[in-house]
Amino acid sequence: EASETRTRTCSRMKMTTEMARGLGLLVLLCLAAAPLPVARSQMSLPFTGQGLEPAEPVDVYVSAMLERLLDVDDKNYRFTNIVYVYLSWTDDRAHDLMMESTRAYRNGTKEECARPCSSDSVGSLSRESEGFHYHDACCDGIWLPTIEMLNVYELPEGRLQPYGIIKDEESDAVAWWVAIHATYFTPMDFHRFPFDHQELDMQFSFTPEIDPAIKSFIPSATSTRYLIRGEGDVISGWDITNIRVVPMKESLQVELDFFVGTYGNLSAAGDPAPITGVPGRQGYIGKAERVGFDIFIGINRLSEYYVLGIIVPTLLLVALSFITYIIPVDSLDARIGLNVTLFLALTALQFVINEQMPKSSYPTTVTKIIVVSYIVVSFGVPESIVVYAIASGIDQRIEEEREAADKIAEEDGAEYLDEAEEGTGQTPRTMTRAMRFFRRKRSQKIPFIIDMASLCAVVAIVVVSTTLLIMGI
């Protein structure tokens with residue numbers, strides 16, 4: 001009976017184990033069959049081209065209208081904006097190609113229109129339309145250049161990207177505009193922070209080719225504000241001053257030689273296909289040209305915030321240190337205590353300032369002002385010790401002279417003093433006290449001169465250095 005019980009127990013345990021194994025296998029199979037998360041895909045690049053290139057290279061005119069400068073991240077050297085870029089060129093094939101694509105879509109020859117002439121018609125282009133307005137037309141056949149964005153950091157997910165392709169029957173002109181919402185990285189110069197001017201750079205380039213289809217980009221219209229109305233600042237901390245388009249055209253070989261030669265090492269002598277150091281070479285690298293343009297947005301920092309929040313408090317602390325030079329020379333502890341307190345206050349203020357300052361490899365204007373402030377406040381400590389030592393030395397010499405004079409007077413003039421006191425009162429002894437007073441004044445004269453000279457010097461240093469730094473000299 002006991003044997004049967006043990007047998008049943010073992011059988012149950014075996015069945016439980018088998019069921020657990022089966023359940024685990026089922027879970028693994030379910031996990032394996034489950035679809036993996038699909039990575040979020042970005043929208044297409046703003047200037048994605050299409051079509052057959054023109055027979056002859058064309059000039060493309062570039063206009064740039066800034067809708068909004070959304071953010072300037074000077075700590076990470078990035079900025080985000082929405083800018084309308086308007087390209088125009090001539091193509092005598094464009095109108096016929098647009099008509100052909102539109103008719104093919106409307107009569108069912110084309111199942112889909114891959115590039116409606118307006119973003120408003122994406123997914124809703126009607127086959128029943130009769131006109132050829134760009135909101136109702138298909139632009140599949142028109143040549144559009146592919147324009148790369150060289151320094152783009154991010155194209156935000158879910159961004160709006162309206163566009164329009166305008167082709168009128170009356171002329172051969174083609175216009176293509178795109179509203180670009182993107183984040184870019186760009187070098188920044190903070191030498192004059194917070195009085196700095198920045199040039200935010202957006203770099204665009206046609207794909208380098210031998211005999212590129214675009215002869216050159218030509219600057220046209222620009223605007224620092226578009227569509228958004230209203231008064232007041234348009235971005236926190238900055239003032240937009242200008243926007244300009246700068247064309248660029250250079251050979252791929254020159255470009256490689258510049259960047260590799262300036263920021264790296266040239267190709268090795270034995271490299272069978274070097275990318276640098278081969279002037280006049282044949283082939284793609286030697287003959288290809290990069291045609292592009294840069295859009296620069298000029299901005300000035302709103303310095304009043306930093307002047308009132310950083311520079312003025314710093315200079316006020318420095319001005320308080322000037323009290324050091326009018327405190328009595330013998331109050332050494334008070335003079336040193338004041339300067340140490342102000343030094344610590346400057347240190348605490350700098351912790352707050354550092355949170356607002358961009359990190360750079362060189363000192364900024366604010367950094368230099370703070371360094372001058374530290375030097376001026378610190379100078380009060382050794383100066384106080386020096387004048388105290390001088391004053392103490394003079395007092396000691398005067399005291400020694402007084403004691404010697406009193407001793408001589410006791411020995412040689414006691415009789416005269418007694419007679420004078422009997423006839424005229426306390427005059428000789430009063431004169432002795434007056435002589436002591438003037439000797440004491442004489443002992444403070446040299447320290448006083450040093451204090452006043454130091455005060456004038458530090459005031460001049462603060463005023464001149466601050467003025468020169470703010471003016472950028």
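Guide: What follows is a description of that helix and of the cysteines after it, with a few remarks on the rest of the protein.

The model is predicted. The protein has 473 residues, of which 35% count as buried, and its chain forms nine helices and ten strands. Among contacts with a separation of 6 or more, 79% are between residues 24 or more positions apart.

The helix in question is α2, which covers residues 94-106. Its 13 residues reach 18 Å from the first C-alpha to the last, close to the 18 Å expected at 1.5 Å a residue. Which residues of α2 are buried? They are A94, H95, M98, M99, S101, T102, A104, Y105 and R106. In general, an α-helix has 3.6 residues a turn, so residues three or four places apart point the same way.

H95 is found in α2, and because its relative accessible area is 14%, under the limit of 20%, H95 is buried. Apart from neighbours within four places in sequence, H95 is in contact with K167, D168 and E169. After the helix comes G108, whose phi is positive, near 90°.

We now come to the cysteines. How many disulfides are there? The count comes to two. One of them joins C113 to C138, with an S to S distance of 2.2 Å. The torsion about this S-S bond is about 100°, so the disulfide of C113 and C138 is right-handed. Both C113 and C138 lie in the loop between α2 and β3 (147-149), so the pair ties together parts that are 25 residues apart in sequence. C113 is buried, with a relative accessible area of 12%, and C138 counts as buried at 1%.

The other disulfide joins C117 to C139, with an S to S distance of 1.7 Å. The link of C117 and C139 is right-handed, with 100° about the S-S bond. C117 and C139 are also in the loop between α2 and β3, 22 residues apart. Their relative accessibilities are 2% for C117 and 0% for C139, so C117 counts as buried and C139 does too. When the bonded cysteines are counted along the chain, the disulfides follow the pattern 1-3, 2-4. A cysteine elsewhere, C456, counts as exposed because its relative accessibility is 53%, over the limit of 50%.

The largest nonpolar core holds 76 residues, and I180 and F293 touch the most other members. Leaving aside neighbours within four places in sequence, I180 is in contact with P46, F47, N81, I82, V83, V85, M149 and F204.

Key:
Residues numbered from 1 in each chain as written. Predicted model: local features only at pLDDT ≥ 70, side-chain atom pairs only at ≥ 80, totals over all residues. Heavy atoms only, no water. Helix = DSSP H or I, 4+ residues; strand = E, 2+ residues; numbered from the N terminus. Buried < 20%, exposed > 50% of the residue type's maximum accessible area, 1.4 Å probe, protein only. Contact = heavy atoms within 4.5 Å. Core = buried A, V, L, I, M, F, W, Y, C linked by side-chain atoms within 4.5 Å. Expected span 1.5 Å × (residues − 1). Disulfide = S-S within 2.5 Å.
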